[in-house]
Amino acid sequence: MKGGTDESDGEEERMDNRSSNSSNDEDLEAAVVDSLTDEVVSQMQLLSVERSADAAVARSGGNQGRSAIAAHNSLGSGGGRSSNGSSNARDVQQDMWNFLDNAAQVFGNSPELKEVVVSDIRNGYDPQGYNWRGKVIQKEVYVGYRKRMYPRYQDVQHNVKQVRQMSDCIDTMHSFYDFRYSAIGDDFRCQIGDMQHRDMLWATSSYDVYYSHAGSVYCWNPWQRLARRRILDRSQMPRAFRMRSMCVDDGVVFVGDSKGDYCVKSLLADTGPVATGSLAAGTGVDAIRHASPTLSRSGALHIVSSHQSGAVRRLDACDLSVAHTSTMDWAANCSSLAHDGTMQCVVGNSTDAQLVDPRRGSDDCVARLTGHLDYSFSCALSPDGRLVATGSQDTSVRVYDVRWPHQTLATLGGYVGAMHVVKFSQCGRFLLGVESADYVHVYDVQSSFKRAQVVGLMGETAGAAFSPDSNCLFLSVSDPVHGSSLAEYNLVSTDAEETPHSLCY
């Protein structure tokens, strides 16, 4: 084991090694985007503006459409650059945002399909129902610029590419899960209660997938394709209840709101009663930012809730009593409890995460997990309790060994945004990292996180979940521009030889 005095030197050496072995696919993609001529970009802008103008003409009789064309013409040649090839930073950024907005129209505001199967993928469609045939340049430019601009939109204060150069994962071309089916449309829009907390998708089996929608909770069965049923209706919740977090497990659905109120309902009967209460201290307001299920030593189901005040509470789902409370010095964004109840990880509005032992005392910190550059939104303990993963606004996932928590075991970088969801599969082989938009990462634990699958999406993510048997992976996209969808991916047979996948970009 390395001592604490060697940690900084070791980290610098690791960063140098990672920088020298930085991902060639990112450099190649950047080169492709940069090599596109201004003429191509300008043509793309004109195409997208004309399309936007046609829609505006239909809505307003022509005034907005003519204004859009005039705005494009005012950009001049060269994709918005002045005649001498220069422009100030503000103009460039505004042009880029205009381009992103217009380029999105190239793909249409509505996908062509309402559901996608494997044969549609072979015919050029993506899992969200868009057909990419004949739009290779548009896709590459749009995805490339989205990669560059989205971190600014999310106010990421760090260089995303530098964070990725620190990544221990060097092989992202594996395919552990293959696409099987996706349902598309507003009926499958998973509601994002809080832009910083997006764990709103849960699976209790390969055919029971729960998601929040329009203030209610629905169950989707991917084997029945577009079939869904309402589990918890908005009318059954307290007045002015605004869902902000949810979890489903062991026959119980739990939802929490922005004031600290909650609803609990049994899944055994669709028409059963709904229990309500409040986890806020006194008469105050204490938003439930995250909720996760766990089993007590006696086998009773407990709900672990993380609160804006810094409180982390365990609610007995049977009698609705608070079994335990811990208090952090900062707002708690997420917490994860080991299966045996001996260790708990808590992350929040701090660059450090905390490992606590609930048996010792309410605020007893066992260790601090350092290394992140920004606040963290998600955490997870592995099924065996040996590893803990944390997801941060700095676009990275860090993995620690609880036996030696003072040193990062692995750093896993993202592409565009914060890692809002991290989860281990129940088999312990995979670690899931979900960015705020566009990318979902499936890391192979057995390879010490050196191998991964990157699932490319388009739009804001609302959650992701493994099935309990780890054979299925479910993903949710909820985006006002690129549409909404729920998708299922199936585990590739371990007997088959792994090959790089082509379903993602």
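A nonpolar core is a set of buried Ala, Val, Leu, Ile, Met, Phe, Trp, Tyr and Cys residues joined through side-chain atoms within 4.5 Å. In this predicted model, the largest such core comprises 43 residues, and a second, separate core holds 23 residues. The structure contains zero disulfides, and the count of aromatic pairs comes to 10.

**Nonpolar cores**

- Within the largest nonpolar core, the residues that touch the most other members are Tyr211, Val217, Trp220, Met246, Phe254 and Val255.
- Leaving aside residues up to four places away in sequence, Met246 is in contact with Asp199, Met200, Trp202, Tyr210, Tyr211, Ser212, Val217, Phe254, Val255 and Ala291.
- The second core, which is separate, includes Tyr125, Tyr177, Phe430 and Val455.

**Aromatic pairs and cluster**

- The ring centres of Phe176 and Phe430 are 5.2 Å apart and the ring planes lie at 45 degrees, so this pair is classed as tilted.
- This pair links distant parts of the chain, 254 residues apart: Phe176 belongs to the loop between helix H8 (160-165) and strand S2 (177-184), and Phe430 to strand S24.
- Phe176 is buried at a relative accessible area of 2%, and Phe430 is buried at 1%.
- Phe179 and Tyr489 form an edge-to-face pair, because their ring planes are at 75 degrees, with the centres 5.6 Å apart.
- Phe179 is in strand S2 and Tyr489 is in strand S28 (residues 483-491), so the pair ties together parts that are 310 residues apart in sequence.
- Both Phe179 and Tyr489 are buried.
- One aromatic cluster is formed by Phe176, Tyr177, Phe430 and Phe466.

**Charges over rings**

- Arg228 lies over the face of Tyr218, 4.1 Å from the ring centre.
- Lys423 is placed over the face of Trp202, at 4.3 Å from the ring centre.

- Strand S23 (residues 419-424) is mostly covered, with six of its six residues buried.
- S23 pairs with strand S24 (residues 430-435) in the antiparallel sense over five bridges.
- Val421 stands opposite Val434 in S24.
- Five residues lie between the strands of this hairpin, in which Gly428 takes a positive phi near 85 degrees.

- Cys219 counts as buried, at 3% relative accessibility.
- Cys334 takes part in no disulfide, and the nearest cysteine sulfur, belonging to Cys379, is 3.9 Å away.
- A disulfide requires sulfur atoms within 2.5 Å.
- Cys334 is buried, with a relative accessible area of 2%.

Key. Residues are numbered from 1 along each chain as its sequence is written. This is a predicted model: local features need pLDDT of at least 70, side-chain atom pairs count only at pLDDT 80 or more; totals for chains, interfaces and linings use all residues. Side-chain values use heavy atoms; hydrogens and water are left out. Buried means under 20% relative accessible area, exposed over 50%, partly exposed in between (1.4 Å probe, protein chains only). Helices (H or I, at least four residues) and strands (E, at least two) are DSSP runs, numbered from the N terminus. Two strands pair if DSSP finds at least two bridges between them. Contact means heavy atoms within 4.5 Å. Rings of Phe, Tyr and Trp (its six-membered ring) pair if their centres lie within 6.5 Å; planes under 30 degrees apart count as stacked, over 60 as edge-to-face and the rest as tilted. A charge sits over a ring if NZ of Lys or CZ of Arg is within 6 Å of the ring centre and within 35 degrees of the ring normal.
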